[in-house]
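Here is a short note for someone opening this entry for the first time. Please keep the model in view while reading.

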Amino acid sequence: MRLSIVAGLMLGMIFTLSPLMVCALIAAAALLRHAGRGLPEIEWRVLTTTFAIAFGLRLLAIGALAVLGAVRHADPSLGAILTGDEVYVLTRALRTRDILLGVAVTKFDYFIAFDEYGRNSYLSVLTWLQVIFGPTPYAMRVLNAVIFTTGGVLIFRAARRAFGWAPAYVALFITLFYPTLFVWSMTLLKEPLYLLGTSLVFVSAIGVLGHHPRHVRAWSALGIVAGFTIIAGLRPGAIVLAASGIAVAIGLREMTRSAARLAIAAALLFIVAGAVVILPALKLRLIAALETTAKQHAGHVFTIGHPYKTLDEGFYVTPQTPASSSLTLTPDQAARYVVRSLVGLVVIPVPWQIATPRELAYLPEQLVWYTMVLLAPFGVVAGWRRDALVTALLVGAVVPTAVALALTSGNIGTMLRLRGVMVPYLAVLTAVGGCEVLETLASRRRAFDLGGSTAGLEGIRP
């Protein structure tokens, strides 16, 4: 009774200060209950403990930001410690809120609120939450953490059904505690909502393409529509990337159903590549598409931050925006640009590119990234034997996004943040590959020990 009274009083105080915070905490409790539904007791306990630690660390980090904000500012409700895009997103949402509520504003507020630059659906969500609940930067961080964790849970449940408990749990652990993901899971940015939308598309695609009853496929089709609806306004080309991922998965699955199909697909790919090289019209179209992405890359190079370059050096002499750029590529220049971009996505930032203490602190995470990239191919091979559909969808969730990011990015900080979009899916392939490698090494060790014992017994005479 006493604990109930104390808990009720604390909940009432929190609700008075921040109603959105209470809603987020209730959503977190509901998520935890759903995440462990149907799991064996020991798995449920491990999952509950992991979630408690992950969510508790996020609450501590958000609480530290609140304390620092209260110390630095007179109004703790607005004294959020904001960096980068968070400043723009929150201030724009608050300006729009003031306009909607009839608070005195300036012409500059109208200019920022209705500017086409940076407009996305997450900004609309953030604005309406500020209208309904008032300025709540810290509660919004908690809500974003819940949204991010929901996306991670969807991937975890799908991975567990396909590959078993150990790889699914390792992948979930990476997703929850990978430093970059840990940070942006509680930022005022669109990435948590984007992960929720893409994971919903991923899980629903399994239901549509797998061998399931009609009603399951119907609900899964609605899930894909819901996922597309979430990501449509978050990032330009988001639906194209998600649909491309599903198309890649279907193509890979169909090509590998038999040796004959694989041979036919290889022959078709060879013919298409030859046609691009031989036919001038196709070559010009491909180069024109690469010129478009190269202009975006060059524009990002001249943004604030630490840039990196994948075009030939002469293209960076005159700064130009993508819209006004006159950049053109020859076939050789285009080939070098593609190779450097794809390699850069994997290796950047290399140790000799580190220029600030913050980038030096990122070095351990970069080593983890290298490990994930090395283990992922083993995960594709092992995963294909266990569940080809889920493995193909994981590959589809990574490859189109990786290519688009590699060809358009030119800022290390932005690239690292966006690279995190692929990590939850890559983590599953990494976990499957890591478990497969460990099982192989263990079996070889057992075979070696058994062989040595047998050899020793052969030397004994009765």
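Predicted model: local features only at pLDDT ≥ 70, side-chain atom pairs only at ≥ 80, totals over all residues.

1. **Salt bridges overall.** How many salt bridges does the structure hold? There are twelve. Three of them are taken up here, including arginine 417 with glutamate 191.

2. **A bridge between distant parts.** Arginine 417 and glutamate 191 form a salt bridge, with their closest N and O atoms 3.2 Å apart. The pair links distant parts of the chain, 226 residues apart. Arginine 417 belongs to helix 19 (residues 412-419). Glutamate 191 belongs to helix 10 (residues 191-209). Is glutamate 191 buried or exposed? Its relative accessible area is 1%, so glutamate 191 is buried.

3. **Neighbours in sequence.** Aspartate 98 and arginine 97 also meet through their side chains, in a salt bridge of 3.7 Å, N to O. Aspartate 98 has a relative accessible area of 23%, so it counts as partly exposed. Arginine 97 is at 17%, under the 20% cut-off, and therefore counts as buried.

4. **A partly exposed pair.** Glutamate 254 forms a salt bridge with arginine 261. The closest N and O atoms are 2.8 Å apart. Glutamate 254 is partly exposed, at 31% relative accessible area. Arginine 261 is partly exposed too, at 39%.

5. **The largest nonpolar core.** This core has 95 residues. Which of them touch the most other members? They are Tyr122, Met140, Phe163, Tyr178, Phe202, Leu394 and Val428. Helix 7 (residues 137-163) gives the most to this core, with 16 residues. In soluble globular proteins, nonpolar side chains tend to be buried together.

6. **Around tyrosine 178.** What does tyrosine 178 contact, leaving aside neighbours within four places in sequence? The list is Phe173, Tyr362, Glu365, Val368, Trp369, Met372 and Val423.

7. **Alanine 404.** Alanine 404 sits in helix 18 (residues 388-408). At 29% relative accessibility, alanine 404 is partly exposed. Where is leucine 241 relative to alanine 404? The two are 163 residues apart in sequence, and their C-alpha atoms are 8.4 Å apart in space.

Definitions and conventions. Residues numbered from 1 in each chain as written. Heavy atoms only, no water. Salt bridge = Lys/Arg side-chain N within 4 Å of Asp/Glu carboxyl O. Buried < 20%, exposed > 50% of the residue type's maximum accessible area, 1.4 Å probe, protein only. Helix = DSSP H or I, 4+ residues; strand = E, 2+ residues; numbered from the N terminus. Core = buried A, V, L, I, M, F, W, Y, C linked by side-chain atoms within 4.5 Å. Contact = heavy atoms within 4.5 Å.
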